[in-house]
Amino acid sequence: MNTFKSMLHWQVVSASVCGTSHVKNQQLCQDAHHWQILADNILVCAVADGAGSATFGKVGAMVAVQTAVETVANAEEVNRRTLAEDRVVRSLLMDAVIAAKESVGQEATACQRLMTDYASTLILVIATPEMVAVAQIGDGVAVVKDYQGDLLALTLPDHGEYINETVFLTSPQAFDSLQLQILRQPIENVGVLTDGLQMLAINMSIRAPHKPFFFPLFDFIANTEDQVAAKEQLAKFLSSERISQRTDDDLTLVLAALKD
C-alpha cells in the first residue's frame with residue numbers, strides 16, 4: 001500500500017436545508033443524509049430525497065440513509081484489501097440498498113401505511129484513497145475530483161419522461177434503474193448531492209460536473225479546520241440568496257476531502 005496514501009484521512013462536511021418552497025408552505029425538509037468513517041480509512045455516505053408527494057417521505061429518506069450506511073459499516077471484513085475486489089464492492093452496495101428498501105417497508109408495515117408513503121431516492125457511496133464506488137436510485141449526483149484536478153460524475157440524475165419525474169427506492173422497478181459504478185483510481189474529493197442542487201452542479205448539455213460549482217466547495221473542505229463551523233458555513237451557503245434564486249427545492253450536500 002502507498003505509504004503516503006495510508007497517512008491520508010477523510011474530512012467530511014455535510015448539510016441538509018429546507019428549500020424556500022417548503023419554508024413558505026411550512027413543510028419540513030424532506031432530504032436526509034448520513035455518513036461514517038470506518039476503520040482503514042473507508043468513507044461511507046448516503047443521501048436521500050423524500051418524495052414531495054409522499055406523506056412520510058422525510059421518514060423514508062432518514063430510514064434509507066441510516067440503514068444503507070450501517071449495513072456497510074456492520075458487514076464482515078470491510079477493509080481496503082477486500083474492497084480491492086469488484087465482486088465484494090458490488091455485493092456490499094447491493095446488500096445495503098436492498099436492506100434500505102426492506103427497512104423502509106418494515107417502517108411502513110409497522111405504521112400500517114403504504115410503502116409509497118415513504119418514497120425517497122437513495123445514493124450510497126463507499127470511498128477509500130484508491131477507489132470510490134456508488135449505487136444510486138433516482139435523482140441526484142455523485143462527483144469526484146482526481147489528483148489531476150479533473151471532475152468526474154460517477155452518476156447522473158435519473159429522470160423519467162419528464163424532468164421532474166424519477167424512480168424511487170420504494171418503486172417496484174427500483175432496481176431496474178439502479179446505477180452502480182466503481183472507479184479505481186486515486187481521488188482527492190467526493191461530492192454527493194440531492195436533486196435540489198443538480199441543475200447548479202451539472203451541465204446537463206454535456207453531462208459533466210460544473211467546475212465553478214465544485215472547485216470552490218472542494219477548496220473549502222480541503223482548507224477546513226473547524227468542522228462545526230464549516231457545517232454552519234455550508235448550511236448558510238445552501239440557504240443563501242445566490243442558491244435560492246436558482247432553486248426552491250430542499251438541498252443536501254456531502255463534501256469529503258482526503259487530507260494529510
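**Note on the predicted model**

1. Among contacts in the protein between residues at least 6 apart in sequence, 73% link residues at least 24 apart. The structure is a predicted model, and the points below should be read with that in mind.

2. The chain forms eight helices and 12 strands. Its radius of gyration is 17 Å, close to the 18 Å that the globule rule gives for 260 residues, so the protein is as compact as a globular protein of that length. Along the principal axes, the C-alpha atoms fill a box of roughly 50 × 40 × 35 Å.

3. How much of the protein is buried? Buried residues account for 54% of the 260 residues; buried here means under 20% relative accessible area. The protein exposes about 12100 Å², and carbon and sulfur atoms supply 49% of that area.

4. The largest nonpolar core contains 36 residues. Within this core, the residues with the most contacts are L93, L122, L124 and L169. Two or more core residues come from each of β2 (31-38), β3 (42-49), α3 (57-73), α4 (86-110), β4 (122-127) and β5 (132-137). The largest share, nine residues, is supplied by α4.

5. Which residues does L169 touch, leaving aside its neighbours within four places in sequence? The contacts of L169 are A64, V97, A100, K101, V104, S120, L122, I137 and A174. One of these partners, L122, is itself among the residues with the most contacts inside the largest core.

6. There is also a second, separate core, made of 27 residues. Its members include L151, L193, F213 and L255.

7. Five strands form an open sheet in the order β2-β3-β4-β5-β8, and the pairing is antiparallel. From one strand to the next, the twist averages 10°.

8. The pairing of β2 with β3 is antiparallel and runs over eight bridges.

Note on methods. Residues numbered from 1 in each chain as written. Predicted model: local features only at pLDDT ≥ 70, side-chain atom pairs only at ≥ 80, totals over all residues. Heavy atoms only, no water. Core = buried A, V, L, I, M, F, W, Y, C linked by side-chain atoms within 4.5 Å. Buried < 20%, exposed > 50% of the residue type's maximum accessible area, 1.4 Å probe, protein only. Helix = DSSP H or I, 4+ residues; strand = E, 2+ residues; numbered from the N terminus. Contact = heavy atoms within 4.5 Å. Pairing = 2+ DSSP bridges. Axes fitted to C-alpha atoms, helices over the stretch in contact; angles between N-to-C directions. Rg over C-alpha atoms; globule rule 2.2 N^0.38 Å. Areas by Shrake-Rupley, 256 points an atom, 1.4 Å probe, with all protein chains shown as cover.
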